[in-house]
Amino acid sequence: MNRRSREADRGARPPMVAAGVRALTGSADVVALFVMLAFGVLYLALALRMPFGTLQAPATGLFPRVIAVLILVATGLSLFFRLVRHKLVSAPVDDEDPAEREFGEAFWRVPALIACLVLYVGLAPWLGHIISSSLVSFLVLLMLNQRARWQMAALSIAFGFATYGLFHTLLNVPLPTGVWRP
Amino acid sequence: MNDLLLGFQFVAQPAALAAVVLGVVVGSMVGVLPGIGPLGAMAILLPFSFTLDPAAGILMLAGIYFGAMYGGSTSSILMRVPGEASSVVTSLDGYEMTKQGRAGAALAVSAIGSFIAGTLAIVALMLVAPTLSDFATRFAAPEYLALAVFALFVLSRLTGGSFWRAMTAAGLGLALATVGLDEVTGNERFTFGGGDLILGVNITALAVGLYGVAEILFMIERRGKLPRLAKVRFRELYPTRREMRRAVPAMFRGGAIGFLLGLTPGPSGVLSTYASYWLERRISKHKDAFGKGAIEGVAGPEAANNGASGGAMIPLLVLGIPFAAPTALLLGGFTVHNIIPGPLLISQQPTLFWALIAGMYVANAMLLILNLPLVGLFVQLLRVPRDVLVSFIVLIAVLGTFATRNSMFDVIVLIVMGVLGYLMAKSGLPRATLILAFIIGPLIESSLTQTLLLAGGDLTYIFSRPIATTFLVLTLAALVVPPIVKLALPSKPPQEADAAAGRESRSAR
């Protein structure tokens, strides 16, 4: 069995995983709203520490307080309609793809890609752009697992040099050189 | 006319022309890529325009804007994979035409329709802008406050999901805009002791993260393969005379609908495509052909989409207020180039304004001249393996963001915004409202502060200003009328409602 058919075979989720994903998809909006509520409270607490001034002479803290109230009211009403009135958001948001609401079967790749990006941020100042980006590209290709390792390595190195050429040479962007300073 | 000719003279310079052409081609190429879409394309390509001088930079931005908007329709027609919501309607009949071996004709009609509508929209912009701009010079802080509130509330109402969730997203966008230095007093806010947060949240990092990185995350969490690609030969690009006879009137109708809707806040691109499709189906003598490859079903919506793109430039350029996510991104780009659109742009920087108008004409013409012969190249782009695409685009997104301020902190913000954009889509919070609120947040705050200062703390002062009051009344109407209408209309029985929803979602697929 080759790599591609192994990938295809992994397309169907085990029942427990499928149930977990369904639960996650169904509750994501509620979790997000509670997080926003907590954010609103925190934002208000920080805004209250800023001077409000007066309505005749507003100071730094006026607008943040208005925003905090907006967030708390909007989030509170959203939670009310969602939990108490059980009104699910069934209509898709117009510029969004409805399919994006559901968590995909390879959801683990999302935190993996984020970790790769964080790795770049951590490594680039030390190892420079070419090595860091090549390493990160390799990890991304490895994660997506659609070709042989040697192809991944070759592509990664090519991307590292290509992006260096594009940004540093062509566009004069000073990319991190790390320890490889001349 | 003289000003327009001077604008064309400016655009005819090699550097300026190259910027427009490059913007159109690259915008189309990235907009074509399924999973990225026009908004993702604009976000990812924004940083490249910053490497040019301001005039060339905004011409490139205009090229990217039109190119990316057009590019989304190519994958829609060839693979039934719309780049964004405004290309969904095109896929209904466009893909059917592809199955009948008429992909070239569909692409050609899409390009011609986009060109006609775009040109008409730019002519209208040229005619309307100076008068509207004179009118807008009467705007002071209260009028800008009312207009910005109108834009934000009406967009939140029209996003299609829950209004209160949209306002939650708007609140988050406004909150992000307050990080850094207060523009009015110069004091620090939410900087937690200084450091990189003093500079505030970078618009590029926010936009590229929210749309670019988030779209990549959506792409990688699914294992599915892209559908098979139709072959398109250059010689098959020409529609027949019969097809053009049916398509051309639809193009003009769609362009007009799109332009008018583009003047209003909200997802005008999406709304205009649905409105145009509905109209064409109503008046067509070939009603049965719709959904099976009716050329009006491609020509009308595509023209409407481009007409809306042109119409949306009017509030952006003349009032300085974006009414939708794409123009919010454009305004972010203008701001980085230190160009502030608004009523004073025409009077204080006429060369720049007319150069931009001329650049839009050229970009529109380039869409037609270049994109038809290059359709073979675009088709090849659609064959790029997904893993190569993801890996390369991620690097481009990171470096493009880094390049704006040479700051690794911006890359951190990019990552955070990417995660935020991903989670927002999962939880039904609209990203468009967040980005619009982020962009116009500083305007709302400065207008609110100045209004309070003018009014001596009495906010009812705003009602003594007729223009501001009009905007506030329109805002109230937009908020209150739809729920009242919904309550007043008889509700469908559940089975009927479900069947209707099922028919709608099948036809949207």
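Mentor: Let us start with one residue: setting aside residues up to four places away in sequence, B:Glu445 touches A:Phe63, B:Asp182 and B:Arg189. Please keep in mind that this is a predicted model.

Trainee: Where in chain B does B:Glu445 sit, and is B:Glu445 buried or exposed?

Mentor: B:Glu445 belongs to helix α20 of chain B, which covers residues 431-455. The relative accessibility of B:Glu445 is 8%, so B:Glu445 counts as buried, given that the cut-off for buried is under 20%.

Trainee: Could we try another residue in the same way?

Mentor: Take B:Ser156, in helix α7 (residues 141-158) of chain B. B:Ser156 is buried because its relative accessible area is 0%. Leaving out residues up to four places away in sequence, B:Ser156 touches B:Phe163, B:Ala166, B:Met167 and B:Thr433.

Trainee: Now the nonpolar cores. Which residues touch the most other members of the largest one?

Mentor: First the general idea: nonpolar side chains tend to be buried together in soluble globular proteins. Here, the largest nonpolar core has 171 residues, and B:Leu206, B:Ile357 and B:Ile435 touch the most other members. Helix α9 of chain B, residues 203-220, gives the most to this core, with 14 residues.

Trainee: What is B:Ile435 in contact with, leaving aside neighbours within four places in sequence?

Mentor: Its contacts on that basis are B:Leu206, B:Ala207, B:Leu210, B:Tyr211, B:Ala325, B:Ala328 and B:Leu329. There is also a second, separate core of 19 residues, with B:Ile77, B:Ile116, B:Met251 and B:Ile295 among them.

Trainee: How do I read a pair of helices?

Mentor: Look at the approach of the axes, then the angle, then the handedness, and finally the residues that meet. In chain B, the axes of helix α4 (residues 54-79) and helix α5 (residues 88-99) come within 6 Å and cross at roughly 50 degrees. α4(B) and α5(B) are therefore oblique to each other, and their crossing is right-handed.

Trainee: Which residues make the contact between α4(B) and α5(B)?

Mentor: From α4(B) come B:Ser76, B:Ile77, B:Leu78 and B:Met79, while α5(B) brings B:Thr90, B:Ser91, B:Gly94, B:Tyr95 and B:Thr98. By type, the residues of this contact are 4 nonpolar, 5 polar and no charged.

Trainee: At what angle do the axes of α5 and α6 of chain A cross?

Mentor: The axes of helix α5 (residues 129-144) and helix α6 (residues 149-170) of chain A cross at roughly 140 degrees and come within 8 Å. That angle makes α5(A) oblique to α6(A), since roughly antiparallel applies to angles over 145 degrees. α5(A) passes α6(A) in a right-handed crossing. Residues that meet there include A:His129, A:Phe138 and A:Leu142 in α5(A) and A:Arg149, A:Phe159 and A:Tyr164 in α6(A). The contact divides into 11 nonpolar, 7 polar and 1 charged residues.

Terms used: Residues are numbered from 1 along each chain as its sequence is written. Chains are lettered from A and ligands numbered from 1 in the order in which they are written. This is a predicted model: local features need pLDDT of at least 70, side-chain atom pairs count only at pLDDT 80 or more; totals for chains, interfaces and linings use all residues. Side-chain values use heavy atoms; hydrogens and water are left out. A nonpolar core is a set of buried Ala, Val, Leu, Ile, Met, Phe, Trp, Tyr and Cys residues joined through side-chain atoms within 4.5 Å. Buried means under 20% relative accessible area, exposed over 50%, partly exposed in between (1.4 Å probe, protein chains only). Helices (H or I, at least four residues) and strands (E, at least two) are DSSP runs, numbered from the N terminus. Contact means heavy atoms within 4.5 Å. Axes are lines fitted to C-alpha atoms, for helices over the stretch in contact, and angles run from 0 to 180 degrees between N-to-C directions. Angles under 35 degrees count as roughly parallel, over 145 as roughly antiparallel, 65 to 115 as roughly perpendicular and the rest as oblique. A crossing is left-handed if the near helix is turned anticlockwise from the far one by less than a right angle, and right-handed if clockwise. Ala, Val, Leu, Ile, Met, Phe, Trp, Tyr, Cys and Pro count as nonpolar, Asp, Glu, Lys and Arg as charged, and the others, Gly among them, as polar.
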